[in-house]
Amino acid sequence: PATLYIVATPIGNLGDITLRAIDTLKHVDLVAAEDTRHSGLLLQHLGIQAKLYPLHDHNEQQKAQQLIDRLKSGISIALISDAGTPLINDPGYHLVKACHEQSIRVVPIPGACAAITALCVSGLPTDRFCYEGFLPAKSKARIDYLNQLMEETRTLVFYESTHRIIDSLQDMLQVFGTQRSLVLAKELTKSWETVIQKPIDQVINWLQEDDNRQKGEFVLIVEGYHKNTADDIDPNAIKLLNRLQQELP
Ligand code: SAM
């Protein structure tokens, strides 16, 4: 019967695929994937022969309708992304929304997700957190965005790539200052898995000590705002202070 399965795949270590994911990928009529070449290798590793269909961010809206038409003809489809859980900074939102609108069943096959994986080992509060994904690419927009998060008390979870890791951390330093703890989790589940917890300025130093440290995939977790972290100083004063600090030689 017409069913869309949202199937999580590993975020590095191929052992992190679930038994249900393998079973589902084996039995569906079609596997919709972000990068069919990349996913082809995963399926090959699992010994699964599946029909692949490309679905990426820039063609999703248009392709979603084609997939809906096929689902309506009674077939089953599994959606996977390059890594981790689909829809978490990956394609799938339009497709799932359209399925709901057209009463097509959507079944989750849960598994790895970098944000949750990092959060669990961060040592920061996990009872309430905000998933923020990737920050804006341009520094001005990034600073504006971070300023809006300044008084957020929940633990903040960000994704970052090799290219922008230093720039983003420098902007975080400007907005959040040196009082808050930051956890950098890189290459989770892979051979060079590293998790460090330090004030933001020290994390930047750590990355700059060795260029290799800046390579890979990152989750950044920032301690939420607590009134007493800076001796009850008004957050606007801290903002100003951080800004002034940047101006100093
Ligand atoms: N759907 C994925 C998930 O469930 O986590 C996220 C996809 S997003 C396009 C890719 C980003 O996820 C990377 O830039 C990095 O921030 C994070 N990421 C993915 N795998 C990771 C890993 N093994 N270690 C650390 N971060 C990872």
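## Helix H8 and the model

Helix H8 (residues 200–208) lies across strand E8 (181–186) and strand E9, and H8 runs at about 135° to E9. Such angles run from 0 to 180 degrees between N-to-C directions, with axes fitted as lines to C-alpha atoms, for helices over the stretch in contact. Two residues are in contact if their C-beta atoms, placed from the backbone, lie within 7 Å. Helices (H or I, at least four residues) and strands (E, at least two) are DSSP runs, numbered from the N terminus.

This is a predicted model, in which local features need a pLDDT of at least 70, side-chain atom pairs count only at pLDDT 80 or more, and totals for chains, interfaces and linings use all residues. Residues are numbered from 1 along each chain as its sequence is written. The chain averages a pLDDT (the predictor's confidence in each residue, from 0 to 100) of 94, and 97% of the residues score at least 70. For the complex, the predictor gives an ipTM of 0.99 and a pTM of 0.91.

## The five-stranded sheet

An open sheet is formed by 5 strands in the order E6-E7-E10-E8-E9, with mixed pairing. Its edge strands, E6 (129–134) and E9 (194–199), each pair on one side only. Neighbouring strands of this sheet are turned by 20° against each other on average, direction ignored.

Two strands pair if DSSP finds at least two bridges between them. E6 and E7 (residues 155–161) pair in the parallel sense over 5 bridges. Tyr 131 has Val 157 in E7 as its bridge partner. In general, strands of a sheet pair through backbone hydrogen bonds, either parallel or antiparallel.

## Helix H7

Helix H7 (residues 165–176) has 12 residues and reaches 16 Å from its first C-alpha to its last, close to the 16 Å expected at 1.5 Å a residue. The expected span of a helix is 1.5 Å times one less than its number of residues.

A residue is buried if 20 or more other C-beta atoms lie within 10 Å of its own, exposed if 12 or fewer, and partly exposed in between, with C-beta atoms placed from the backbone. The buried residues of H7 include Ile 165, Leu 169, Met 172 and Phe 176. Among the elements covering the buried residues of H7 are helix H6 (139–149), E7, H8, strand E10 (217–222) and helix H9 (235–247). Gly 177 follows H7 and has a positive phi, near 75°.

## Helix H3

The 13 residues of helix H3 (residues 60–72) should span 18 Å at 1.5 Å a residue, and the end C-alpha atoms are 18 Å apart, which agrees. In H3, Ala 64, Leu 67 and Leu 71 are buried. They cover an arc of only 70° around the axis, so they are on the same side of H3. That arc is taken from the directions from the helix axis to the C-beta atoms. Gln 62, Gln 65, Asp 69 and Lys 72 are exposed on the other side of H3.

The buried residues of H3 pack against strand E1 (3–7), strand E2 (30–33), strand E4 (76–80) and helix H4 (93–101). Just after H3 comes Gly 74, with a positive phi of about 105°.

Asn 89 is not a glycine, yet has a positive phi of about 50°. Asn 89 sits in the loop between E4 and H4 and is partly exposed, with 17 other C-beta atoms within 10 Å.

Ser 103 is not a glycine either, and has a positive phi of about 55°. The loop between H4 and strand E5 (105–109) holds Ser 103. Ser 103 is exposed, with 7 other C-beta atoms within 10 Å.
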